[in-house]
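Let's take a walk through a protein model together.

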Amino acid sequence: MMYPKIPLAQSIIEICQQKGVQHIVISPGSRNAPLTIGFTNNPYFKCYSIADERCAAFFALGIAQQIQKPVAVVCTSGSAVLNYYPAVAEAFYSQIPLVVVSADRPQSKIDIGDGQTIRQENVMGNHCLYNANLREDASAENDHHIQMALHVAVTQKGPVHINAPFEEPLYETVTELQVNPEIIEFITEDKHFSLGNNTKETWNKATKKLVLVGELFPNSLEQKYLDILAHDPSVVVLTEKTSNLHHPTFINQIDTLITPFDDEDFKAFQPEILLTFGGMVVSKRIKAFLRKYKPVHHWHVDELRAYDTFGALTFHYETKINTFLNQLLTVDTMESSYKSSIATIWKDRVTKQEEYTAKIPFSDFKVFDFICQNLPTNSQLQVSNSSAIRYLQLFDLDSSLQVFCNRGTSGIDGSTSTAIGAALASDLPTILITGDISFLYDSNALWNNYIPKNFKIILLNNSGGGIFRILPGHQETETFNRYFETSHQLNASHLANMYGLDYFEANDETSLQQQYSAFLNQNEKPSILEIFTPEKVNNGILLAFFSQLS
């Protein structure tokens, strides 16, 4: 087997193999040549070449999102590593184990005017859980730092940074290993969790209990706990599409439910106990409600973190949600009208939404209604941020669909790259739903030789950042159109042609129905369905929807 001659590079590669880091996303460069040579010549590793570092990091993030294991990104020295930062921040807040391995100049070359050189040590320190700043020579200390970084990525679920200085020559190889790193078996003690009787009594006595579920990996919760919550008259369960949690009694369109509420309604809905678990919550309205109408108790369940999102956190239970619910829930329930009163309101909301959707013209709202009713079952749905994920919250989806979105930082950067990485790592066919600004922003994502043939992109093109039209402060001025909405007349047809994707387009209901079927049936190569909607109509239809619910 061929190995890089530099011992430090050998140590990094050997430790990654011993610790089970198999997926390696490499961006071309010279300073990282020792790592590239070592990883690509070892059959254990699955290596990918992605030229754009920002895209590479989000591509790796998508793989790690699906396999729930560390994935490494490898780059050269200088500004290259800075392009990883958006994905690193996303990995930090979404608790995804992303391993950054950056090649660096030796310490003697930093800040003396040497080319392609910046201060790389701790460069992403605010959002990396561990920073392994290695020294140039292989050593037991370096080996410990490398292994600790990988250990932290797994146990604390987040990004880590390994910075490795290499001196020239960089391309020399050997056929025998010169290092034999001592592999450390870190001992992680299982935390014993026992729920106190006071907590159980408080739960059992409460007649208004609201369960709010954030971002959650599919099949995270055992069915028996879903059933108990679903049949408790004192419990209302609110989920989002990224919660990947389903039951006929759960309400999965939060904004549709609470937007028409007045002060009296909010007070009636105000819970005694708020139980939260999962990651970030999309709905701004539920955050505003719970910040103003605070629960008496807010319990958050997570092994690692608890954000005081609503300014009402009373306790963080550091355990798995199944463990917590196993000790909390009993089959006995408290008499309450909490669930039934909300169920009555929800039934009326559903009827009014159906009536409204039937009469509106072609628009973003109409398109999302059509898409959500016609997505192929047993698929993975990746969704970009901004308008796309918020529109998706307003419609029902088949329970067989798995939904993912980069809600850690809620940025539009990297949505397509993440989706392609996730598609590659998943057994399910993958569809990305994205807006025009997010798609164009991450168009280098298509500069990728690993896009699965059955990967599909549904692109809603409303000629700009349509979400700004529904936010406070919208005015029809040149400043707004140019600097907020970023109006444009671009389309994806030439990008599709350049990167070899099949291209379909629709601009009304008839063409959408016709093109959608052909788009879904194309599985010989990746494809894009671009749907053009009326820029200046969409916001009015959306805002009128919430008015019609009252």
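We'll go from a pair of helices to a sheet and then to some aromatic rings.

First, some housekeeping: this is a predicted model, where local features need pLDDT of at least 70 and side-chain atom pairs count only at pLDDT 80 or more, while totals for chains, interfaces and linings use all residues. Residues are numbered from 1 along each chain as its sequence is written, and side-chain values use heavy atoms, with hydrogens and water left out.

Start with helix α1 (residues 7–18) and helix α5 (residues 140–155), whose axes come within 10 Å and cross at roughly 35°. Helices here are DSSP runs of H or I with at least four residues, strands are runs of E with at least two, and both are numbered from the N terminus. The axes are lines fitted to C-alpha atoms, for helices over the stretch in contact, and angles run from 0 to 180 degrees between N-to-C directions. On the α1 side, Leu-8, Ser-11, Ile-12, Ile-15 and Cys-16 make the contact, and they meet Asn-142, Asp-143, Ile-146, Gln-147 and Leu-150 of α5. Contact means heavy atoms within 4.5 Å.

Now for the sheet. Six strands form an open sheet in the order β15-β14-β16-β17-β19-β18, with parallel pairing. Two strands pair if DSSP finds at least two bridges between them. At the edges you'll find β15 (402–405) and β18 (502–506), each pairing on one side only. From one strand to the next, the twist averages 20°. Look inside the sheet at β16 (residues 430–435) and β17 (residues 456–461), which pair in the parallel sense over five bridges. There, Thr-434 stands opposite Leu-459 in β17. Helix α13 (residues 364–374) packs on this sheet, touching β16, β17 and β19 (527–532), and its direction makes about 160° with that of β17.

Which kind of pair do Phe-365 and Phe-545 form? Their ring centres are 4.8 Å apart and their planes are at 50°, so the pair is tilted. Rings of Phe, Tyr and Trp (its six-membered ring) pair if their centres lie within 6.5 Å; planes under 30 degrees apart count as stacked, over 60 as edge-to-face and the rest as tilted. This pair links distant parts of the chain, with Phe-365 in helix α13 and Phe-545 in helix α20 (residues 538–548), 180 residues apart. A search of the whole structure finds 30 aromatic pairs.
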